Amino acid sequence: MTMQYDVKQGHLNQSGFFVLGRNRIKGVSYRGGSATLVLFDTTTAPVTSSVTYGRSGTTVTVTKVAHGLSTGDVVGIHFNNGTGGAATDGNYTITKTGADTFTLTDINTGTITASPAAVYVSGVNRWLMTYETNAADEFQNAPLIPGEGVLAVNGIYAYMSGIDGAQIYYG
């Protein structure tokens with residue numbers, strides 16, 4: 001494989017799209033204390049309003065009024081911390097349990113209560129990666145992305161909570 005010379009950079013100070021279309025994320029850089037950066041492969045902004053969840057064992061129950069999903073749909077989802085930890089971010093096939101609820105099977109087990117928030121995309125869109133920092137972390141973080149990078153087919157959207165700024169390098 002030869003070196004790629006057409007790598008580009010995108011910068012955001014709030015949640016939004018870095019780029020639309022098929023690209024590979026080559027690098028990520030971000031800064032913020034007690035913060036979360038979640039990257040989604042999507043052409044639409046993630047569902048963020050009034051999404052909550054709980055976990056019992058490996059079953060995660062997500063609540064979103066009039067979610068519009070069906071059994072067999074796939075969601076790419078990020079889970080905030082709650083009492084007992086957080087469910088595992090990822091891409092999951094869901095089971096519709098009601099007009100306002102659906103379940104998924106987490107790859108890990110535990111009990112999470114107090115209805116923490118979640119953020120998700122569905123359809124052909126998917127979760128790519130999550131980065132979190134603690135309150136004392138005020139450094140510029142630049143984790144390694146190995147190999148050819150992470151492929152986004154639709155576009156690269158950043159959900160940012162507490163992040164001062166984020167950059168991606170893509171091509």
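This is a predicted model: local features need pLDDT of at least 70, side-chain atom pairs count only at pLDDT 80 or more; totals for chains, interfaces and linings use all residues.

Trainee: How do I read the way the rings of Phe17 and Tyr157 are arranged?

Mentor: Look at the ring centres and the angle between the planes. Here the centres are 4.9 Å apart and the planes stand at 80 degrees, so Phe17 and Tyr157 make an edge-to-face pair; planes over 60 degrees apart count that way. Then check where the partners sit: Phe17 is in strand β2 and Tyr157 in strand β13, so this pair ties together parts 140 residues apart in sequence.

Trainee: How many aromatic pairs does a search of the whole structure find?

Mentor: Four. Another one of them joins Phe102 and Tyr120, with centres 5.7 Å apart and planes at 80 degrees, so that pair is edge-to-face too. Phe102 belongs to strand β9 and Tyr120 to strand β10, so the parts tied together are 18 residues apart in sequence. Phe102 is buried, with a relative accessible area of 0%, and Tyr120 is buried at 3%.

Trainee: Now the cores. Which residues have the most contacts inside the largest nonpolar core?

Mentor: The general idea is that in soluble globular proteins, nonpolar side chains tend to be buried together. In this model the largest nonpolar core has 21 residues, and those with the most contacts inside it are Phe18, Ile25, Val28, Leu37, Leu39, Met129 and Ile156. The elements giving it two or more residues are β2 (16-20), β3 (23-31), β4 (36-41), β11 (126-132), β13 (155-161) and β14 (165-170). There's also a second, separate core of 16 residues, with Val62, Leu69, Ile112 and Ala118 among them.

Trainee: Which residues does Leu39 touch?

Mentor: Leaving out residues up to four places away in sequence, Leu39 touches Phe18, Ile25, Val28, Trp127, Leu128, Met129, Tyr157, Ala158 and Ile168.

Trainee: What about sheets? In what order do the strands of the open sheet come?

Mentor: Follow the pairing from strand to strand. Three strands form this open sheet in the order β7-β6-β10, with antiparallel pairing. Its edge strands are β7 (90-93) and β10 (118-122), each pairing on one side only. From one strand to the next, the twist averages 30 degrees. Four bridges join β6 (residues 74-79) to β7, and Val74 stands opposite Thr93 in β7.

Trainee: And how many residues lie between β8 and β9 in their hairpin?

Mentor: Two. Strands β8 (residues 95-98) and β9 (residues 101-112) run antiparallel, joined by three bridges. Thr95 has Thr103 in β9 as its bridge partner.

Key: Residues are numbered from 1 along each chain as its sequence is written. Side-chain values use heavy atoms; hydrogens and water are left out. A nonpolar core is a set of buried Ala, Val, Leu, Ile, Met, Phe, Trp, Tyr and Cys residues joined through side-chain atoms within 4.5 Å. Buried means under 20% relative accessible area, exposed over 50%, partly exposed in between (1.4 Å probe, protein chains only). Contact means heavy atoms within 4.5 Å. Two strands pair if DSSP finds at least two bridges between them. Axes are lines fitted to C-alpha atoms, for helices over the stretch in contact, and angles run from 0 to 180 degrees between N-to-C directions. Rings of Phe, Tyr and Trp (its six-membered ring) pair if their centres lie within 6.5 Å; planes under 30 degrees apart count as stacked, over 60 as edge-to-face and the rest as tilted.
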